[in-house]
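I wanted to look up where this chain leaves open space and where its side chains pack together. These are my notes, in the order in which I made them.

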Amino acid sequence: MADPYTTLGIARGASEQDIKSAYRKLAKELHPDRNKDNPKAAERFSQVTNAYDLLSDKDKRARFDRGEIDADGNPANPFAGMGGGFRPNGGGQRGFRAEDFQGFGTEDVDLGDIFEGLFGGRGGRGGGSPFGGGQQRRQPPQKGADIAYKLRVPFIDAATLKDQRITLADGKTIDLKLPKGVEDGTQMRLKGKGQHGPGGAGDGLVTIAIDKHKAYKREGDDVRLDLPITLDEAVNGGKVRVPTVDGPVMMTIKPGTNGGTVLRLKGKGFTRKNGTRGDQLVTLEIQLPGDLDELAKRLEGWKDESDPRAGLGV
């Protein structure tokens with residue numbers, strides 16, 4: 001597998017946000033749903049996903065940067081940390097000792113197996129292992145390919161983490177539990193739900209797409225709502241019914257409230273990764289009655305002498 005930084009087109013010192021942004025851009029461009037007739041795009045999408053999986057994991061990324069694992073997450077140097085290293089016999093030099101293999105467990109170590117891996121199963125003489133036997137170690141069978149899915153989630157379901165039903169490639173339907181902190185582009189891995197292979201099934205990779213809502217808008221972990229109120233409610237105050245993602249609640253408006261005032265409903269937003277929730281921010285919009293004749297009659301002879309634009313210098 002190629003270097004994950006190169007795959008995502010980012011520098012080694014990239015921040016977590018840089019990694020996430022690069023992945024989202026490539027995942028959107030290469031997603032199988034948008035490239036149904038382009039198998040190379042599907043392969044590239046899988047590579048981008050694997051690179052993101054490694055670099056988004058702080059521990060794996062650190063181990064990769066130190067050279068401890070390769071781009072597939074496998075140990076990069078099986079001999080790292082061994083004591084003696086290789087020294088050929090003769091000429092006053094010593095060979096391998098049991099102490100050199102501390103950490104492997106000397107009672108279980110098979111020097112023939114180790115050197116078969118080092119020399120590709122070929123010894124210095126006769127084409128066999130230097131410790132006998134000439135059979136080359138076989139690579140473990142590969143797992144099947146991953147399968148990518150795109151799941152559209154209604155806005156309110158995403159905010160309240162309602163379970164979603166998804167149909168897999170094999171025709172089976174499962175209920176998917178949305179993770180805390182879910183957002184547009186969040187990817188979920190379904191172990192063993194990919195294609196079958198000699199080494200077992202691959203995984204299912206589900207990318208979440210959150211639908212827009214006609215009334216609500218997301219702002220970070222908060223939900224915004226513009227709420228119309230009557231002139232009477234603005235002047236005299238009162239209690240009004242307000243929709244939220246959890247259902248309607250009653251909210252108090254103080255007398256003399258201006259249009260554009262923002263009221264906060266605690267804990268009515270999206271769920272964060274730590275389990276707490278954002279808020280709902282309600283912007284009040286004063287709505288005049290459709291028939292202004294009655295209002296004009298009531299205001300006849302009255303004039304507002306205040307200057308609401310005085311603070312603007314005009």
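I am working with a predicted model, in which local features need pLDDT of at least 70 and side-chain atom pairs count only at pLDDT 80 or more, while totals for chains, interfaces and linings use all residues. I number residues from 1 along each chain as its sequence is written, and side-chain values use heavy atoms, with hydrogens and water left out.

Entry 1, helix H3. I looked up H3 (39–55), helices being DSSP runs of H or I with at least four residues and strands runs of E with at least two, numbered from the N terminus. Its buried residues (under 20% relative accessible area, 1.4 Å probe, protein chains only) include Phe45, Val48, Tyr52 and Leu55. Among the elements that cover the buried residues of H3 are H2, H4 and E4.

A nonpolar core is a set of buried Ala, Val, Leu, Ile, Met, Phe, Trp, Tyr and Cys residues joined through side-chain atoms within 4.5 Å. The largest has 33 residues, and Val206, Ile208, Leu227, Val242 and Met251 have the most contacts inside it. Strands E1, E5 and E7 are among the elements that each supply at least two residues of this core. I also noted a second, separate core of 20 residues, which includes Tyr23, Leu30, Val48 and Ile69.

Technical notes:
Buried means under 20% relative accessible area, exposed over 50%, partly exposed in between (1.4 Å probe, protein chains only). Contact means heavy atoms within 4.5 Å.
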